[in-house]
Amino acid sequence: MSVQDSWNAHRWARFHALPGSKRYPDGEAEYAIVLSRHNALLDALARGRDVFLVYSLFNDFQASSRRMQVPPYAPGGSQYWMSFLSSEPDETPPSYCHLFAAQLPWRAGAVDRVLRAVAREDAHNVFLVSPGTRWFYHPYDGGMDLILSSPEERDAYKQTYAAWLSQHPAGS
């Protein structure tokens with residue numbers, strides 16, 4: 001089921017990280033645009049507050065906190081959180097999802113290394129959330145998805161950042 005079909009559709013918005021819905025940056029000038037757009041949205045959402053950053057790694061070994069290494073793009077304070085089986089129990093080899101988390105005081109640039117890793121497809125399944133879960137922010141290679149607390153808040157962001165919206169009729 002897509003986000004558009006889910007219960008969050010009335011609070012969801014997708015923004016593109018580069019003009020013309022270009023998916024991947026070519027060079028530092030385009031990385032600067034990607035980071036600027038992410039930081040503008042995150043600053044509007046989180047200015048003066050903490051955020052939780054959660055990201056995952058997948059591999060074929062069951063983890064313990066002693067064995068898990070925080071990825072090189074992770075911000076300071078990141079810690080191993082938990083692991084779970086992400087494949088069917090009889091699948092060989094099994095696949096595990098390992099979650100890492102950090103609570104950060106928000107400031108522009110605080111997660112730029114993570115956002116660059118997402119834009120390069122070196123990091124997947126990354127999200128930021130407010131401690132009160134009033135919003136959910138999912139960067140992906142090509143843009144960002146927001147789930148906000150109300151349709152009105154979503155519409156305000158869509159109006160403010162209209163130039164970054166997809167031209168696709170479904171908003172994707």
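**View 1. The whole chain, end to end.** From the N terminus on, the elements of the protein chain run β-α-β-β-β-α-β-β-β-α. That makes three helices and seven strands, taken as DSSP runs (helices are H or I with at least four residues, strands are E with at least two) and numbered from the N terminus. This is a predicted model, where local features need pLDDT of at least 70 and side-chain atom pairs count only at pLDDT 80 or more, while totals for chains, interfaces and linings use all residues. Residues are numbered from 1 along each chain as its sequence is written, and side-chain values use heavy atoms, with hydrogens and water left out.

View 2. The mean pLDDT of the protein chain is 85, and 88% of its residues reach 70 or more; pLDDT is the predictor's confidence in each residue, from 0 to 100. Helix H1 comes out highest, at a mean of 97, and strand S3 (residues 79-85) lowest, at 83. Over residues 1-5, pLDDT stays under 50. Where pLDDT is low, the predicted coordinates should not be read in detail.

**View 3. Helix H1 and what covers it.** H1 takes in residues 28-46, and its end C-alpha atoms are 26 Å apart. Gly48 follows H1 and has a positive phi, near 80 degrees.

**View 4. Arg116 over Tyr31.** The charged end of Arg116 sits over the Tyr31 ring, 4.7 Å from its centre. To count, NZ of Lys or CZ of Arg must be within 6 Å of the ring centre and within 35 degrees of the ring normal.

**View 5. An aromatic cluster.** Ring pairs link Phe15, Tyr157, Tyr161 and Trp164. Rings of Phe, Tyr and Trp (its six-membered ring) pair if their centres lie within 6.5 Å; planes under 30 degrees apart count as stacked, over 60 as edge-to-face and the rest as tilted. The whole structure has six aromatic pairs. Tyr157 and Tyr161 are stacked, at 6.1 Å centre to centre and 20 degrees between the planes. Tyr161 and Trp164 have ring centres 4.8 Å apart and planes at 35 degrees, so this pair is tilted. Tyr157 is buried at 10% relative accessibility, and Tyr161 is buried at 14%. Trp164 is buried too.

Note on methods
Buried < 20%, exposed > 50% of the residue type's maximum accessible area, 1.4 Å probe, protein only. Expected span 1.5 Å × (residues − 1). Contact = heavy atoms within 4.5 Å.
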